[in-house]
Amino acid sequence: MQSLPALVYLDMQGNSFTCDCGNAWFLQWVITNKQTQVSDAYNFECNSPPNLKGRKLLEMNIRFCTVDVGFVCYISTACAVMVVMAVSFTHHFLQWHLVYAYYLLLAFLYNTKHKDKRAHRYDAFVSYNANDEHWVLGELLPKLEDEQGWRLCLHHRDFQPGKPIMENITDAIYGSRKTICVISHDYLASEWCSREIQVASFRLFDEQKDVLILVFLEDIPMQQLSPYHRMRRLLKRQTYLSWSRAVAHPDLFWEKLRQALETREDPAGEHLRLCVGDGIPGERPDQ
């Protein structure tokens, strides 16, 4: 029609019209053009498709014709494929990170809600690796519970069966006055122990209270602590004990641990230097 700028009258009566999007441009032109008079346009009837036969041509709804159905299908399919790939990747590689983030959020909400009225069920939650269980059950538990009378929370004894493990960890840490982390090479390599100390660290930095006690079972050279930036940061500002250095003075070790459990959680309170020797575990005094 653009090639006929001087056209003033058009007679198309008796023609067979197809009512589909292929003729949408023609309907739009008939309705909007002001130069050409289309004779008897309002009586044009559809001849196909069969379900529209006999219907007036100008009654056809052409709004859906402006949408590229093929393009929409392509975009929808591409998005669906990307979502499936993202969900699969997340489930395979980041599942535990999301679980941890979820329970860390729950811990934050729980702590905020019950900060002023929370009652602690335990004096301390003991975070340790299964390979160090013999020391915890043979040395730590008899000394702290049987002799000194502290109430400790242990994985195998006090975790609620059937409850998600991260929820058990969060409840144990926030349900105890303090957290005792029994550090060893196995502890540093353990994924679950890493999560426990992360939750405990979160509570430490969130509440700004002295709620974390580090107990080193063995000397760990500083270069081996380099990958564990969280641990190094804690050592710079947190109290700790060294069991390997307490062999000659075991009574002093247990007395320091008792004092650590008795100290107030208020950060303004006395900050005890718990290690029997000076310096970071595994580091020479002159370093």
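Reader: Thanks! Is Cys73 buried, partly exposed or exposed?

Author: Cys73 counts as partly exposed, because its relative accessibility is 44%. Here buried means under 20% relative accessible area, exposed means over 50%, and partly exposed lies in between, with a 1.4 Å probe and protein chains only. Do keep in mind that this is a predicted model: local features need pLDDT of at least 70, side-chain atom pairs count only at pLDDT 80 or more, and totals for chains, interfaces and linings use all residues. Residues are numbered from 1 along each chain as its sequence is written, and side-chain values use heavy atoms, with hydrogens and water left out.

Reader: Good to know. And what about Cys153, buried or exposed?

Author: Cys153 is buried, since its relative accessible area is 2%.

Reader: How many disulfides does a search of the whole structure find?

Author: The search finds 1 disulfide, meaning a pair of cysteine sulfur atoms within 2.5 Å. Cys19 and Cys46 form it, with their sulfur atoms 1.5 Å apart. The pair links distant parts of the chain, 27 residues apart: Cys19 sits in the loop between strand 2 (17–18) and helix 1 (24–32), and Cys46 in strand 4 (residues 46–48). Helices (H or I, at least four residues) and strands (E, at least two) are DSSP runs, numbered from the N terminus.

Reader: Is the link of Cys19 and Cys46 left-handed or right-handed?

Author: Left-handed, with -85° about the S-S bond. Both Cys19 and Cys46 are buried as well.

Reader: Switching to helix 4, where does it bend?

Author: Helix 4 (residues 133–147) bends by about 45° at Leu141, and the proline Pro142 follows within four residues. The bend is the angle between axes fitted to the seven residues ending at a residue and the seven starting there. After the helix comes Gly149, whose phi is positive, near 85°.

Reader: Which residues of helix 4 are buried, and what do they pack against?

Author: Trp135, Val136, Leu140, Leu141, Leu144 and Glu145 are buried. Their packing partners include strand 5 (122–127), strand 7 (176–183), strand 8 (212–216) and helix 11 (250–262). Contact means heavy atoms within 4.5 Å.

Reader: At what angle do helix 4 and helix 11 pack?

Author: About 65°, with their axes 11 Å apart. The axes are lines fitted to C-alpha atoms, for helices over the stretch in contact, and angles run from 0 to 180 degrees between N-to-C directions. Trp135, Glu139, Leu140, Lys143 and Leu144 of helix 4 make the contact with Phe253, Trp254, Leu257 and Leu261 of helix 11.

Reader: Nice. Now strand 8: how many of its residues are buried?

Author: 5 of the 5 residues are buried, so strand 8 is largely enclosed by the rest of the structure. Leu212, Leu214 and Phe216 cover one side, and Ile213 and Val215 the other.

Reader: Which way do strand 7 and strand 8 run?

Author: They run parallel, joined by 5 bridges; strands pair if DSSP finds at least two bridges between them. Val182 has Val215 in strand 8 as its bridge partner. Strand 8 also pairs with strand 9 (residues 240–242) in the parallel sense over 3 bridges, where Leu214 is partnered with Tyr240.

Reader: Last one: where is Arg151, and what does it touch?

Author: Arg151 lies in the loop between helix 4 and strand 6. Leaving out residues up to four places away in sequence, Arg151 touches Arg121, Tyr122, Asp123, Ala124 and Glu145.
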